[in-house]
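Student: I would like to learn how to read a model like this one. Could you take me through it step by step?

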Amino acid sequence: MKEDHIMEMNLKLAKSTLSTAVSKAREMGRSCSIAIVDDNGWLVALHRMDGAPIPTAEIARDKAWTAAVFRLPSSEVCRFGDPRASGLGFNVQNWNDRLTTIPGGLPIRNGDHLIGAIGVCSETPEEDVILCQKVIEEMSSMIENTQI
Amino acid sequence: MEELTLELALKMLEAAERWAKDIAAFSCSIAVVDKAGAVIAVHRMDGAAMATTDIAIEKAWTAVAFKMPTLMGSRWLDPRNMGKLIGDHAMGMIGRGKGRLCFIPGGIPITNEENEVIGAIGCSGVPSGVGDISDTSVSQAGVTALYE
């Protein structure tokens, strides 16, 4: 992590992340919705590709929100609901209707520093995770090497 | 132009953002929705308040749902119109649309050659009352971009 490099989400970073994601989704032959949120889970940019079902937009946003506020991939959030773990009770404390445990939301980091999160919703959660990972891989070099 | 695509939506957002940045000099959120009122793309400019994304989406949704600019609807809700003429206000609109109805000026429907509504653009975050600078004029810049 370098101090003078991208440390927080901005629209420029969100836009280039989205265009990367859209082109990757086209390569995979999928129509999906992609949401980018900042480090506090607030929406910065959202794109719904042509042909993607209407609810995918909101689900993508939910996934990104969950990944940002828990600082975890959205799929790992369900571990708090494991009855064998001390975090049980999570299910009844589902106070925010954005909370989701569907895989497909990943935090975007610069080193240890959380910048924001990406949420993808297309046909299957497995594909969403793969797409998220590809995008984050592609963006990491930009995040680490671009001056603010 | 029969249908709003992601590509067209991004073209509109680009122009509206440029107008907001260079002419209005305010950061705002801009949303484009399709003819169902479903989000195609949302952008929140750097520095715009976090809640403006949702309001921009709601304005665009309202513009599609009522097939008219939200500016027109906000006249209905103007308390100064109450009592002037019977039926000349629509205070009962408040709270309609499952809470999504937003008659704040800034949403403009987009029509095709047959004058059918094919989508809408909404903007939030620009204070009104400063001459020509308002949410509506940012949205208008986005609509104009469709015809360039």
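Tutor: Gladly! We start with contact: two residues are in contact if their C-beta atoms, placed from the backbone, lie within 7 Å. This is a predicted model, in which local features need pLDDT of at least 70, side-chain atom pairs count only at pLDDT 80 or more, and totals for chains, interfaces and linings use all residues. Residues are numbered from 1 along each chain as its sequence is written, while chains are lettered from A and ligands numbered from 1 in the order in which they are written.

Student: Which residues does B:Ala60 touch?

Tutor: Leaving out residues up to four places away in sequence, B:Ala60 touches B:Ala31, B:Val32, B:Val33, B:Gly107, B:Ala120, B:Ile121 and B:Gly122.

Student: How many residues does each chain give to the contact between chain B and chain A?

Tutor: Chain B supplies 14 residues and chain A 13 residues. On the side of chain B, strand 2 (residues 39-44) has the largest share, six residues. Strands here are DSSP runs of E, at least two residues long, numbered from the N terminus.

Student: And how do I read strand pairing?

Tutor: Two strands pair if DSSP finds at least two bridges between them. Here, three bridges join strand 2 (residues 43-48) of chain A to strand 2 of chain B, and the two run antiparallel. Within strand 2 of chain B, B:His43 stands opposite A:Ala45.

Student: What about confidence?

Tutor: pLDDT is the predictor's confidence in each residue, from 0 to 100. For chain B the mean is 91, and 97% of its residues reach 70 or more. The model scores ipTM 0.88 and pTM 0.91.

Technical notes:
Helices (H or I, at least four residues) and strands (E, at least two) are DSSP runs, numbered from the N terminus.
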